[in-house]
Amino acid sequence: MSEFLKKRKVKNTNKRLLSKIGALSVLSTLALTAAITGSASAQDSKFTRQGAGPMYFTTYEHQWTKNTYMPENRFKKNIDWMTKNFKPYGYDMVSTDGWIEGATLLNKNGYVVSHNDKWMTNPVNMDGTEEVTLGQLKNGDFEDGMNEWKVETNAAYGVDSNDAYDGSKLYVYSPDPHTAKVSQTVKGLKNGNYTVTARVKFPNGDVKDFVNGTSKANMKLKGYADVKEGESAPEQVVELKDGLTDEYGKARYGLFELQAEVTNGTLTVEFNVDAKAKDSSFQLDDVELYKTGEKPEEGNNNNEPFQYPSEKYPEGHTWKFWGDYLHEKGMKFGIYYNPLWISPEVVKHPDKYIVQGTENNPSGPTYVADLIDKGDPNDPTDGDRFNGGQGNSRSLYWLNVNHPDAEKYLKGYIKFFAEQRAEFLRVDFLSWYESGKDSNIGNVGQAHEEQYETALKWMSEAAKENNIFLSLVMPNLSKHGDLEQKYGDMIRIDEDTFSGGWDHISGRRQEWQSGWSQWANPFQGFTGFSDISGHTSMILDGDFLRLNTFSGTNAENEKKTTMSLFALAGSPITIADQYDTIGDNYKYYQNTELIEFNKMGLVGKPIYESAVPYEQSNDSRESQKWVGQLPDGSWVVGLFNRKNVNQTFDFNFKDELGVEKGEVRDVWAHKDLGIQSSRLVTLAPHDSVVYKIVPTNTDKIFQAEVASYSRGVKFVDISKGHEGFGYLNFNKKGQSVTYKISAPTAGDYKLNLKYSTDKYSGATLNVRDVENGKSTYSKPVLLEATHGRWKKASTKVKLKEGTNLVTVNFASDNFNLDSIALDNPTGTFLQNGDFKDGFENWGRSNMVNQSIVDGAVKISSIGDKAFKSDLWQYVVPTAGTYNLTASVKQNGHFDEAYLYVENGRHKQIVEIPKSSAMKTVAISKIKVSKGDVLKIGNITNAQTDGSLVIDNIQLTHGYQNKNFKK
């Protein structure tokens, strides 16, 4: 037990005297602190106030699997697919991802204008047609990944930029001897003589084997002439051996050349490798095909007059082109880029790119090239670079934050992205910038530890000013994310998705390490950083989801568990599956009840077993049991079996939630299970269940240990008599806990704080608007000494209708907080029955056929499809008799259309009649006993032309029935 909870042996007279002095001291302190609005240690934005992360699509999967940028035609197909299939479910954004080395076209301020230069130079036809280009060898520089090339081998192969001759290169590697064939067939050539050149390198120690002939490789041209039956087809072959090493025997890129006389318009370019040694690697780059004698002159581009992209490619597709396209579809646009990156293009043209805001400086403008450390001017690869091992001149530079105009450049970059209509910015490789190290690679550049906070601060300020969601990726999260929590909206808490599957979600390393990535999988990362998540604090990002990558006998369980975990943790739900890879996994992303949790801002926590930090002991928090509260006071419980064998969970509501009984609903089975006090469930390997639990008590009780608390607040579970699995301790200025609470109507409410303290202490109560963050009510609260017992402090609080952020701030001395409760003598009534807040507080089974039109719910068919629909809300009134009314109208043909109310024992309905005008329907004499949970809703079973409108659903007191027994 902590010191301040121990009973002090003092005389009663001294007690009374100390109490008076303490009370006066506390009241004096409270008078000065009543305006406190919360801890300054976390970024306060409309995004963090909402709680849960966004639901959106990312281009990651294509880029990671192909190791290249996202081509526009595929980008458009994914956008259109997302809009049709996922926008109705609340997925409202599309974001690009990395592989940005091919983005070199800059505006006059040095900012990249698109995801890849080819979006500008070869923009996609928006009508869906594709231009067929004949007579050209395609993707010879491998900037489009493996596109157009065929690789036949049992070895590993792919495209990357490590040790490329220029930009990107193709590689084939195996630890064992192997063979490989790499080829491309070019069609539509005009007959004539053609030359093919290529750069080839064998970087490992076996290069000598290719030079002396122990291993063999060749470049071959074939298929360029038709032959008669029985004749041998002509081929041109060159052995890949000369020029592969320098004078010291060190491997280098050799240049190889062949000619062929094309007489049939076709030419196949082929590379064959027969590696006899172990750990052999073949690298191919810069394959070129041209009419012999007509090769473009080297450096010809340098003779062209300089033009900015908007001048040179006026029809090109910029970021803004796609931002506009998405907004026209009602979707948001997200961009992946780090505003600390500066393109090496500014070094090639140092006088063409000017820092925004310095154009009219008396001493002349500041050039972007002045903002970087170029290093050795004679070495194009030197300088302060973002270098993942490329070691070439295309590596981006890091911004020199110490330059007087660096702030203008960085903030201007974020403003530029906003002008491109981006509302989300994913800033990657922050650990590389901060420490210059990677736990797998080693040194990746210079460290910028002293500049790191300044850079984050500028990003935060610019993001707020331009209304951009700031996502911080690959941070070291030193001191438990101290700086990132202060300046970001969202942080990555685990390794990249990579190949996905269960390995991403629950596998890999289970223990903590310092630096990126502290935790390897989302289960561990969410659990380890759960104490800094929640409303007005950090959104935890578990990275992208690729449900198509799950396989094996437990795959379906794992997909369900993945979605459940991300929803309970308040993580963004980011679809990386694509239109042609998703398979039959739509149902997992489209679980309407999980989605409603996200939209209500649910951020849960694992059950804490002790106050020991998770990085010190994996036993301190139970990663397989998660709980969270919704603004209406109801609970969401997730039980997860991470093990490879069956596991039984016995979950007691009183012990874990502080709830005696509650109406239980299975969110995956979409089934009400009745009023219960516990759940005993056996889960198969990697399976899970998610329950929504509506407490039967009429007061709304919100537990402190699952709310959002600031840095320094301590979780405790020592003192007896607390509710749920623990409580919080406050003992320093700036400490606070924030709850998201919904009120059925605007007005004054009685609020009870359950607390304990050994001496007079003080807190302040503050209410804020979720959207704009403005304070709407503030009041000091005096906490009398309880001497080891739990006690309630009652105060008045003013809430607006809908959701409110209610914060309890530390003001003086030392106290424990167990819960806060809205004393509601009339019980909880139906909320948002006029739907002015959309579908908030309502559960839905169908998000496609339900919409808000002119302030009312419209339920109608889409196309020629029949449909079913359920819309519901749980309420807990006090015992009595009630009436339910609603304004409705119905057109078309329905098999079912009615309003209902049920309490688990009885169900009352009223049919919705056909009508061209709104009519009122009612269910009267609804009898409610103490402890009843009512479910109020609408069932619709419509044919193809069905249309229904519902508005103004109200539950009101009816007459008192003297014969009705409570």
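Where does Ser517 lie? In this predicted model, Ser517 is placed in the loop between α14 (501-506) and α15 (522-528). The peptide bond that leads from Trp516 to Ser517 is cis, with omega near -15°.

**Backbone geometry**

- Most residues other than glycine have a negative phi, and most peptide bonds are trans.
- Thr536 has a positive phi of about 70° although it is not a glycine; the loop between α15 and β22 (539-541) holds this residue.
- Thr536 is buried, its relative accessible area being 13%.
- His686, likewise not a glycine, has a positive phi of about 65°, and its place is the loop between β30 (678-683) and β31 (688-695).
- With a relative accessibility of 4%, His686 counts as buried.

**Packing of α12 and α13**

- Two packed helices are described by the angle between their axes and the distance between the axes.
- For helix α12 (residues 449-465) and helix α13 (residues 478-487), the axes come within 8 Å and cross at roughly 30°.
- Angles under 35 degrees count as roughly parallel, and α12 and α13 are therefore roughly parallel to each other.
- On the α12 side the contact is made by Tyr452, Glu453, Leu456, Lys457 and Ser460, and on the α13 side by Leu483, Glu484, Lys486 and Tyr487.
- By class, this contact of α12 with α13 comprises 4 nonpolar, 1 polar and 4 charged residues.

**Ala462 in α12**

- Helix α12 also contains Ala462, which is buried at a relative accessible area of 1%.
- Apart from its neighbours within four places in sequence, Ala462 is in contact with Lys411 and Ile414.
- Ala462 and Glu143 are 319 residues apart in sequence, and their C-alpha atoms are 33 Å apart in space.

**Aromatic rings**

- The structure holds 62 aromatic pairs, among them Phe386 with Trp432.
- The ring centres of Phe386 and Trp432 are 5.6 Å apart and the ring planes are at 45°, so the pair is tilted.
- Because Phe386 lies in strand β15 (residues 385-386) and Trp432 in helix α11 (residues 430-435), the pair ties together parts that are 46 residues apart in sequence.
- Phe386 is buried, with a relative accessible area of 6%, and Trp432 is buried, with a relative accessible area of 6%.
- The charged end of Arg385 sits over the ring of Tyr397, at 3.9 Å from the ring centre.
- The charged end of Lys935 sits over the ring of Trp872, at 5.0 Å from the ring centre.

Note on methods: Residues are numbered from 1 along each chain as its sequence is written. This is a predicted model: local features need pLDDT of at least 70, side-chain atom pairs count only at pLDDT 80 or more; totals for chains, interfaces and linings use all residues. Side-chain values use heavy atoms; hydrogens and water are left out. Axes are lines fitted to C-alpha atoms, for helices over the stretch in contact, and angles run from 0 to 180 degrees between N-to-C directions. Helices (H or I, at least four residues) and strands (E, at least two) are DSSP runs, numbered from the N terminus. Angles under 35 degrees count as roughly parallel, over 145 as roughly antiparallel, 65 to 115 as roughly perpendicular and the rest as oblique. Contact means heavy atoms within 4.5 Å. Ala, Val, Leu, Ile, Met, Phe, Trp, Tyr, Cys and Pro count as nonpolar, Asp, Glu, Lys and Arg as charged, and the others, Gly among them, as polar. Rings of Phe, Tyr and Trp (its six-membered ring) pair if their centres lie within 6.5 Å; planes under 30 degrees apart count as stacked, over 60 as edge-to-face and the rest as tilted. Buried means under 20% relative accessible area, exposed over 50%, partly exposed in between (1.4 Å probe, protein chains only). A charge sits over a ring if NZ of Lys or CZ of Arg is within 6 Å of the ring centre and within 35 degrees of the ring normal.
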